[in-house]
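This briefing covers a pocket and the packing of helices in one structure. Please view the structure below alongside the points that follow.

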Amino acid sequence: MSLDERTITEAIVDEYFAKFKSSLDLDVAIVGGGPSGLTAARLLAKDGFNVALFERKLSLGGGMWGGGMTYNVIVVQEESAHLLTDVGVPVKRYKENYFTADAVAATTTLASAACLAGAKVFNCMSVEDVVLREVGGGKRVTGIVINSSPVEIAGLHVDPVVLGCKYLVEATGHAVEVLHTLVRKNDVKLNTPSGGIEGEQSMWAEVAEANTVTNTREIFPGLYVAGMAANASFGSYRMGPIFGGMLLSGEKVAADIAAKLRG
């Protein structure tokens, strides 16, 4: 079989930049490729929306890969198990309301399902800022400022570019990176008790799992928080290697944004 290196390069460049150009004006931009972000991306793409997910690292999955302490098994509760079985991840009943799944199978399948549903994934890409505009008498997030993660890691002074979005989902986990940037650089108040980021509390899995879903909401016009970022934003607890709340958070944020986009 005859192969030409130039054609290989041309294929990569043509296909990548077609995907990139189709993301210049997104319905939804999701920052963070953990379980909540992947679930939201799959469900929104399945509903026909133009959605892209941005992950700083080379690999997707967030903390799900390692299960608990690198013991690569995860736990989900019964009410969230369908978000794994719906995409073909085998789950096993351990005790009443406790189900287990292979962490690697869960992570890779959630990522694959999001891509196959039509979500566009950009790994090795950092979201370093947001775009704010005056809309309806107040400020609203209308886009994201992105750069190559290797540029960021190397500390190079290279300017970023901008993509537009109708809604942005902050799903960067404990660090709440996008939200911290928004608050630090702009004189804005969030939809939290203090108007700022409340911060994450220590481990309490039962409360944290429920609050992960409750706290999944629009925290600033055009900006939703999901997954562990929701708890860190609203001052709730961490939950450790149980991932049901993360999956349900992705389901909730997808449903809430889809309802807004449909009007």
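Predicted model: local features only at pLDDT ≥ 70, side-chain atom pairs only at ≥ 80, totals over all residues.

β7 contributes the most to the lining of the largest pocket, giving three residues.

**Largest pocket**
- The volume of the largest pocket is about 750 Å³.
- Its lining comprises 36 residues, and Gly62, Gly63, Thr172, Gly173 and His174 are those nearest the centre of the pocket.
- Two or more lining residues come from each of α2 (35-46), β2 (51-55), β7 (125-135) and α6 (177-185).
- Sorted by class, 17 of the lining residues are nonpolar, 14 are polar and five are charged.

**α2 against α4**
- α2 packs with helix α4 (residues 103-117) at an angle of about 25 degrees, and the two axes are 8 Å apart.
- Angles under 35 degrees count as roughly parallel, and α2 and α4 are therefore roughly parallel to each other.
- The crossing in which α2 passes α4 is left-handed.
- On the α2 side the contact involves Pro35, Leu38, Thr39, Ala41, Arg42, Ala45 and Lys46, which meet Thr107, Leu110, Ala111, Ala113, Ala114 and Ala117 of α4.
- The contact of α2 with α4 has nine nonpolar, two polar and two charged residues by class.

**α2 against α9**
- The axes of α2 and helix α9 (residues 244-262) cross at roughly 40 degrees and come within 7 Å.
- α2 passes α9 in a right-handed crossing, whereas the crossing of α2 with α4 is left-handed.
- From α2, the residues in contact are Pro35, Ser36, Thr39, Ala40, Leu43 and Leu44; from α9, they are Met246, Leu247, Ser249, Gly250, Glu251, Val253, Ala254, Ile257 and Ala258.
- By class, 10 nonpolar, four polar and one charged residues form the contact of α2 with α9.

**α7 against α9**
- Helix α7 (residues 205-214) packs with α9 at an angle of about 10 degrees, with the axes 8 Å apart.
- This angle makes α7 roughly parallel to α9.
- Glu209, Thr212, Val213 and Thr214 of α7 meet Gly244, Gly245, Met246, Leu248, Ser249 and Lys252 of α9.
- The contact of α7 with α9 has three nonpolar, five polar and two charged residues by class.

Methods
Residues numbered from 1 in each chain as written. Heavy atoms only, no water. 1 Å grid on protein atoms, 1.4 Å probe; cavity = no way out; pocket = protein on both sides within 12 Å on 5 of 7 lines; lining within 4 Å. Points joined across faces, edges and corners; volume = space filled by probe spheres on them. Helix = DSSP H or I, 4+ residues; strand = E, 2+ residues; numbered from the N terminus. Nonpolar A, V, L, I, M, F, W, Y, C, P; charged D, E, K, R; others polar. Axes fitted to C-alpha atoms, helices over the stretch in contact; angles between N-to-C directions. Parallel < 35°, antiparallel > 145°, perpendicular 65-115°, else oblique. Left-handed = near helix turned anticlockwise from the far one by under 90°. Contact = heavy atoms within 4.5 Å.
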